[in-house]
Amino acid sequence: MAAEQKSNASPLQVIKAVFWSFLGIRRRAEYEKDAVSLKPAQVIIAGIIGAIVLVLSLVTLVHFIIS
Amino acid sequence: MQAAHDHAAHAHGHDAHAHHPSGIMRWVQTTNHKDIGTLYLIFSLTMFFIGGILAFGIRAELFQPGLQFWRPDFFNELTTMHGLIMVFGAIMPAFVGFANWQIPMMIGAPDMAFARMNNWSFWLLPPAALLLITSFFVPGGAPAAGWTIYAPLSTQMGPGMDLGIFALHIMGASSIMGSINIVTTILNMRAPGMTLMKMPLFVWTWLITAYLLIAVMPVLAGAITMVLTDRHFGTNFFNAAGGGDPVMFQHIFWFFGHPEVYIMILPAFGIVSQVIPAFARKPLFGYASMVYATSSIAILSFIVWAHHMFTTGMPAAGQLFFMFSTMLIAVPTGVKVFNWIATMWKGSMTFETPMLFAVGFILVFSMGGFTGLILAITPVDIQLQDTYYVVAHFHYVLVAGSLFAIFAGTYFWLPKWTGHMYDETLGKWHFWLSLVFFNVTFFPMHFLGLAGMPRRIPDYAMQFADFNMIASIGAFGFGLSQLLFVLGVVKCARGGGVKAPDKPWEGADTLEWTLSSPPPYHSFETPPVVK
C-alpha cells in the first residue's frame, strides 16, 4: 500500500497544495508531486491553519467594510 | 483473476462465514458487508415510503386553502416527522448501505474492518425508527417543532419529543460507529497498489463524509441532550427566564446541521462521479481537483452555520462573515459541476437509467445550488427566511441531489448486487416521471416563497391557492412514480430479467466490476493488485 517513498515536502509546497485545495483545483503534475511527497499529518495541520487563516481574513475584510 | 473469484464463489467450504444461519437469523447475526448493505438499503427504502406517506398528508392538506384533514398541531407533526424520517431514516442510511456494499469491493478488501460493529450499527436503526414512529401514539403526539427541533418549542412538548430525542441519540451512535468502520476500512484495507489517490471517487467522498459525521454527530447529541435536561432535570440551557439562551440551541444545532447537509450530498457527488465516466466512456475529468474540492467543501461546511440564522439578530459583522463564507462554497461546488460536464464533453455517451439520473442530478441539483447562493445573501435571506422558497431550495438539493444520486447508484450497481439486469424501460419511466413530477412539485414553491407563503403552516391565504394545487398534484405524482422503482428493484432482486454480465457497463473501470455478478460472499479473499 505504502509503496511510494515519502520524501519530506517543504512547508511552502504544503501551503500551496492546501491553497489550491481550497479553490478545489490542481494541476495534474503538481498533484502527482503532492501525492508522493505530502504526509497526511502535514496536510491536516496545514488545512487547519489554512481554515484559520481564511476565517481571519474574512473577519478582517468584514472589519474593513463595517468600520 | 476471474477464475479465482469464481472459485471463491463456489468454494465456501473453508469460509467460516459461509456457515451462516439461514432464514431471519442470517440477517440478525450477519457480519457480512453485503448483507448489512442490503439491510441498510431495505431499511432506507421503508423509511423513504413512511416519510413519503407523511408528505402525502402534508400535500393533501395544502391542496386547498382552509383546514381539510388535520388539526394544525398534527400538521406540524407531519412536517417535523417527514423531515426527521427522510434525513435520518432514508437518505443517511441509504448512503451507508451504498458504503457497505461498495467500499470493500471498490478498494479490493474482503469485508469491512469491524464486521461485528457493522452489524450493531445497523441493528440500532430499527429500534430508533420504532421510537420515532411510536411518538405519534403517545399523549401530545410526535415531535412538532420542525426537524430542527428548536428550543423553546422542543422544551415544551409532550413525551413524543423525548422519544424523538432518544431516537436521534441512537441513530447518531449508529452513524458514528458506521463512520469509524468506514474510515478504518478505507485507511487500512486497501489492496496493494491502491494508493489514496487511486481510490474511486465514491470511496474518497465517503472517507471525507465519515470524518464529517464523526465530527458533528456528537454536537447534535450534545444539543438534544441539553434539550432533554432542560425538559426534565431543571437545567436552563435554552430557557431565557433561567439565564439560558434559546438562540444558543440554533447555533449548536446548525454547527451540526450545516456539515450534515454535506454529509447528505458528498456521497451523492461520489456516486455521480462514478456513473458519469462510465456512461461517457471517459475517465473522470480532474480527478485530483474533485478530491481537493470535496475536502474544501468539507472544511468550509464548518464555518457557515449561522447563515441559517440571519433573522435571529446578529451584528452586521456576523452577517457579512457568514454571507461571504457561504458564498465561497460555490467555488469548489462549481469546480465539481464543471468537471462532470467536462467529463461528458466529447464522450461517447449513452443514456441508460443510471446516466439519466446522473445528468438529471447535475441539472436539478445546480438549480438548488443557485437558490442556495441567493439565500446566502443576507438581505435576501431575511425576506425569504422560513418561506416556501427555502422549502423549494432544500428539496432541490436533497431530492434532486441526494435522492436522484441514490437512484443513479442503485440502477448502476443493481446488476452487480443481484446478478440480474433491471428493466430498462421501467427505469426510464421512473426517471422521466420523477424528473417531471419533482419539478411540478417544487418549482412552484419558489413562486410561493417569493410571494411570502410561510412554511410549516396547514392553511394559507387565497392568493397561494393555484401554485399549491399544482405542487400537491406533482407531489402525488412523484410519490406514486416511486412505486415503479420498487417494482424494478423487486423484479431484479427476485431474479427476473436478463442475467447480468460481470461488467454490464463497458465504461466502468473500478474493481467491483472484476468480480462476478452477484459477487462472492467475501469479495476479495486474495487482494487484487492495483497498478
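The paragraphs below describe a predicted model, beginning with chain A and its interface with chain B and moving on to local features of chain B.

Of the 67 residues in chain A, 30% are buried. Among contacts in chain A with a separation of 6 or more, 77% are between residues 24 or more positions apart. The accessible surface of chain A is about 4,500 Å², and carbon and sulfur atoms hold 73% of that area.

Chain A meets chain B through 22 residues of chain A and 26 residues of chain B. Together the two chains bury about 2,000 Å², with 78% of this area on carbon and sulfur atoms. On the side of chain B, the residues that lose the most area to chain A are B:Tyr292, B:Phe321 and B:Phe324, which together contribute 30% of what that side buries. The elements of chain B that give two or more residues to this side are helix 11 (287-300), helix 12 (316-328) and helix 13 (330-344). Helix 11 of chain B supplies the largest share, with eight residues. Sorted by class, the side of chain B that touches chain A has 20 nonpolar, five polar and one charged residues. Across the interface, the rule finds zero salt bridges, and it likewise finds zero residue pairs in polar contact with both residues at pLDDT 80 or more.

Helix 13 of chain B also holds B:Thr333. This threonine counts as buried because its relative accessibility is 16%, below the 20% cut-off. A polar atom of the B:Thr333 side chain lies 2.8 Å from the backbone oxygen of B:Ile329. Leaving aside residues up to four places away in sequence, B:Thr333 touches B:Phe269, B:Ile297 and B:Phe365.

With residues up to four places away in sequence set aside, B:Gly57 touches B:Trp70 and B:Leu78. B:Gly57 and B:Ala99 are 42 residues apart in sequence, and their C-alpha atoms are 32 Å apart in space.

Salt bridges can be followed next. Over all chains, the rule counts six salt bridges. One of them joins B:Asp162 and B:Arg231, whose closest N and O atoms are 2.7 Å apart. B:Asp162 belongs to helix 8 (residues 159-188) and B:Arg231 to helix 9 (residues 201-232) of chain B, so this pair ties together parts that are 69 residues apart in sequence. Both partners are buried: B:Asp162 has a relative accessible area of 11%, and B:Arg231 has a relative accessibility of 14%.

A salt bridge is also formed by the side chains of B:Arg455 and B:Asp386, at 3.7 Å from N to O. Here the partners sit in loops of chain B, B:Arg455 between helix 17 (424-450) and helix 18 and B:Asp386 between helix 15 (378-384) and helix 16 (388-418), so the pair ties together parts that are 69 residues apart in sequence. B:Arg455 is buried at 16% relative accessibility, whereas B:Asp386 is partly exposed at 34%.

In a further salt bridge, the closest N and O atoms of B:Lys491 and B:Asp423 are 2.9 Å apart. This pair links distant parts of the chain, 68 residues apart: B:Lys491 lies in helix 18 of chain B, and B:Asp423 lies in the loop between helix 16 and helix 17. B:Lys491 is partly exposed, with a relative accessible area of 39%, and B:Asp423 is partly exposed at 27%.

The backbone of chain B has some features worth a look. A cis peptide bond with omega of about 5° joins B:Ala151 and B:Pro152, and B:Pro152 is in the loop between helix 6 (125-134) and helix 7 (153-156) of chain B. Another cis peptide bond runs from B:Ser517 to B:Pro518, with omega near -5°; B:Pro518 is in the segment after helix 18 (465-493) of chain B.

Positive phi values occur in residues other than glycine as well. B:Arg281 has phi near 55° and is placed in the loop between helix 10 (246-280) and helix 11 of chain B. With a relative accessible area of 28%, B:Arg281 is partly exposed. B:Lys346 has phi of about 60° and lies in the loop between helix 13 and helix 14 (353-376) of chain B. B:Lys346 is exposed, with a relative accessible area of 74%.

Definitions and conventions
Residues numbered from 1 in each chain as written. Chains lettered and ligands numbered in written order. Predicted model: local features only at pLDDT ≥ 70, side-chain atom pairs only at ≥ 80, totals over all residues. Heavy atoms only, no water. Buried < 20%, exposed > 50% of the residue type's maximum accessible area, 1.4 Å probe, protein only. Contact = heavy atoms within 4.5 Å. Areas by Shrake-Rupley, 256 points an atom, 1.4 Å probe, with all protein chains shown as cover. Buried area = accessible area lost by both parts, 1.4 Å probe. Salt bridge = Lys/Arg side-chain N within 4 Å of Asp/Glu carboxyl O. Polar contact = N/O pair within 3.5 Å; in protein donor to acceptor, adjacent residues only side chain to side chain. Helix = DSSP H or I, 4+ residues; strand = E, 2+ residues; numbered from the N terminus. Nonpolar A, V, L, I, M, F, W, Y, C, P; charged D, E, K, R; others polar.
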